[in-house]
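I opened a new notebook page for this chain and went through it one topic at a time. Here is what I looked up, in the order I went.

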Amino acid sequence: MVEKKQLRKELGVLDATSIVAGIVIGAGLFIITGIAAKYAGALVWVSYLIGAVPVILIGITTASLSTFYPVEGGSYVYPSRILHPVLGFLTGWAMWLAIIGPVAITAQAFVNYLNALPGVSWRMSIAAGAVLITIVFFVINYLGVKVVAKVQDVLFLFLVFGILAFSLWGLPHIHISYLKLGSPLGWGGVLKAASLLIFAYAGITIATDIGEEVKAPSVLPKAVLLGTLIPIVLYVVSSFVCVGVLPWDEFASAEAPYASAASKFMGSFGVIFIILVAWAAILTSHNGEQATAARVAFSLSRDKIVPGLHKINKYGIPHVALIIGDAIAIFLIVTGTIELVAEIVVAAFLFEWIMFHLCIFFLPKKYPDMYEKTEFFKLEGWKLIFPAIGLAISVYFFILQGARPLAYFGVWLAIGLLIYYIRVSQNKEEVTTLIREWPRGRYLE
């Protein structure tokens with residue numbers, strides 16, 4: 001008898017948390033923090049605290065949605081069923097690129113930190129090294145979610161230990177005078193930095209994209225909670241240490257900012273140590289991004305809007321979606337168009353956050369019977385203040401991204417809209433029927 005190829009429920013709380021938090025803690029911490037310090041100065045840790053507010057709010061919304069209906073590719077499924085099929089497709093389409101882009105970004109970031117090793121005369125080609133990393137983790141992801149989880153768990157636990165060790169070691173070496181330097185652009189600079197640091201927090205909603213591979217419904221809300229709190233604590237404390245052990249302008253201008261900070265109180269060992277931690281953080285992001293990008297594409301294909309990406313291999317992985325996503329990431333690496341995609345990524349994540357918050361308000365009215373059966377975590381009554389505030393803040397930060405990123409993002413949405421209407425017009429009755437159904441457990445031949 002031929003075994004049916006389907007997704008496998010292999011992920012526990014640690015696995016799901018390491019995927020969610022591992023994606024969040026990555027290149028953003030070790031690269032974007034330095035960029036944000038150019039605006040916020042010694043108050044960059046305050047920017048991380050401000051950026052944490054919308055993250056906590058989207059975490060609450062994400063936990064509620066994942067409890068309501070754990071599903072693969074929730075980035076697309078929730079808004080397509082609760083709000084409107086077009087809005088759902090555009091959200092999923094945006095998130096596909098928003099996750100593929102960081103696959104390329106983190107691959108390059110790993111090579112940058114590899115080349116930062118002290119005392120090493122040779123330098124690896126950024127493009128060639130990034131392509132190699134992408135291929136290695138493609139193989140890991142191809143072999144099943146259990147393999148992905150084991151690799152992710154080891155890397156995640158090491159990076160958490162490493163950042164905590166760096167922070168605790170550095171606290172006694174802080175100079176109060178450095179912290180008093182403040183922000184070169186005042187509170188406007190602090191807010192601008194907070195909008196940039198959304199990139200470092202982006203990915204918390206990834207939990208909704210692995211909903212059919214967790215062992216129990218309670219896994220996802222717990223993973224969202226831990227995946228929200230762990231990055232906030234690590235980001236705030238470690239950035240506080242960085243601008244406390246050296247002046248913010250030195251930190252902001254360094255090629256490897258955290259390595260420069262570590263050298264001030266850990267010596268040459270500290271540089272090597274923080275580079276190893278950066279590798280772990282970057283690779284957890286890369287590994288998780290490959291996995292979730294494939295799941296988002298799978299969900300788009302399961303409704304037959306994007307054709308051919310729904311196929312699953314013998315290991316329970318949507319392998320065609322994985323191959324296509326990694327091929328696009330390699331194209332971005334080789335052609336050098338990553339910077340363009342990076343400008344779209346934050347706008348795409350914020351767009352998804354806006355859609356998710358809206359879903360909370362429309363959900364009880366559209367699916368009252370399903371909503372009543374939700375057992376773990378409902379947002380109703382006074383609790384609706386959380387998605388309401390989250391919606392307002394997400395819209396504010398979305399606008400704050402600026403004209404150029406939003407223009408690029410608009411072009412990407414326009415391409416998606418064209419694909420959507422072409423596909424629906426070709427097979428309107430079947431696609432419309434599929435979109436009306438909740439897709440969990442649906443496997444197309």
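**Entry 1: a loop residue.** I kept in mind that this is a predicted model. I began with Thr337, which sits in the loop between helix H14 (319–335) and helix H15 (338–366). Is Thr337 buried or exposed, or something in between? Thr337 counts as partly exposed, because its relative accessibility is 27%. I also looked up its distance to Gly101: the two C-alpha atoms are separated by 9.5 Å, although the residues are 236 apart along the chain.

**Entry 2: salt bridges.** How many salt bridges does a search of the whole structure find? It finds three.

The side chains of Glu72 and Arg295 form one of them, at 3.4 Å from N to O. Glu72 is in the loop between helix H3 (44–68) and H4, while Arg295 is in helix H13 (residues 257–302), so this pair links distant parts of the chain, 223 residues apart. I noted Glu72 as buried, because its relative accessibility is 0%. Arg295 is buried too, with a relative accessible area of 2%.

Arg81 forms a salt bridge with Asp303, and their closest N and O atoms are 2.7 Å apart. Because Arg81 lies in helix H4 and Asp303 in the loop between H13 and H14, the pair ties together parts 222 residues apart in sequence. Both Arg81 and Asp303 are buried.

Glu430 pairs with Lys304 in a salt bridge whose closest N and O atoms are 2.7 Å apart. Glu430 belongs to helix H19 and Lys304 to the loop between H13 and H14, so parts 126 residues apart in sequence are tied together. Here Glu430 is partly exposed at 31% relative accessible area, and Lys304 is partly exposed at 29%.

**Entry 3: helix H4.** Since Arg81 had come up, I checked its helix. Helix H4 covers residues 74–82, and nine of its nine residues are buried. Among them are Tyr76, Tyr78, Pro79 and Arg81.

**Entry 4: helix H17.** H17 runs over residues 385–400 and has 16 residues. From first C-alpha to last it reaches 23 Å, close to the 22 Å expected. Just after H17, I found Gly402 with a positive phi of about 100°.

**Entry 5: aromatic rings.** My count came to 26 aromatic pairs. One of them is Phe138 with Tyr142, a tilted pair with 5.7 Å between centres and 45° between planes. Both lie in helix H6 (residues 126–142), four residues apart, about one turn of the helix. Tyr142 is partly exposed, with a relative accessible area of 28%.

Next came Tyr367 and Trp438: their ring centres are 5.2 Å apart and their planes at 70°, so the pair is edge-to-face. Tyr367 and Trp438 are both buried. I also wrote down one aromatic cluster, formed by Phe89, Trp93, Trp96, Trp412, Tyr420 and Tyr421.

**Entry 6: a surface patch.** I finished with Leu164, Leu168, Leu171, Val233 and Val237, a nonpolar patch on the surface with about 410 Å² of accessible area together. Helix H7 (145–170) and helix H11 (219–245) each supply at least two of its residues. Leu168, in helix H7, is exposed at 57% relative accessible area.

Conventions:
Residues numbered from 1 in each chain as written. Predicted model: local features only at pLDDT ≥ 70, side-chain atom pairs only at ≥ 80, totals over all residues. Heavy atoms only, no water. Expected span 1.5 Å × (residues − 1). Buried < 20%, exposed > 50% of the residue type's maximum accessible area, 1.4 Å probe, protein only. Patch = residues over 30% accessible without salt bridge, like charges linked within 9 Å, V, L, I, M, F, W, Y side chains within 5 Å. Areas by Shrake-Rupley, 256 points an atom, 1.4 Å probe, with all protein chains shown as cover. Salt bridge = Lys/Arg side-chain N within 4 Å of Asp/Glu carboxyl O. Phe/Tyr/Trp six-rings, centres within 6.5 Å; stacked < 30°, edge-to-face > 60°.
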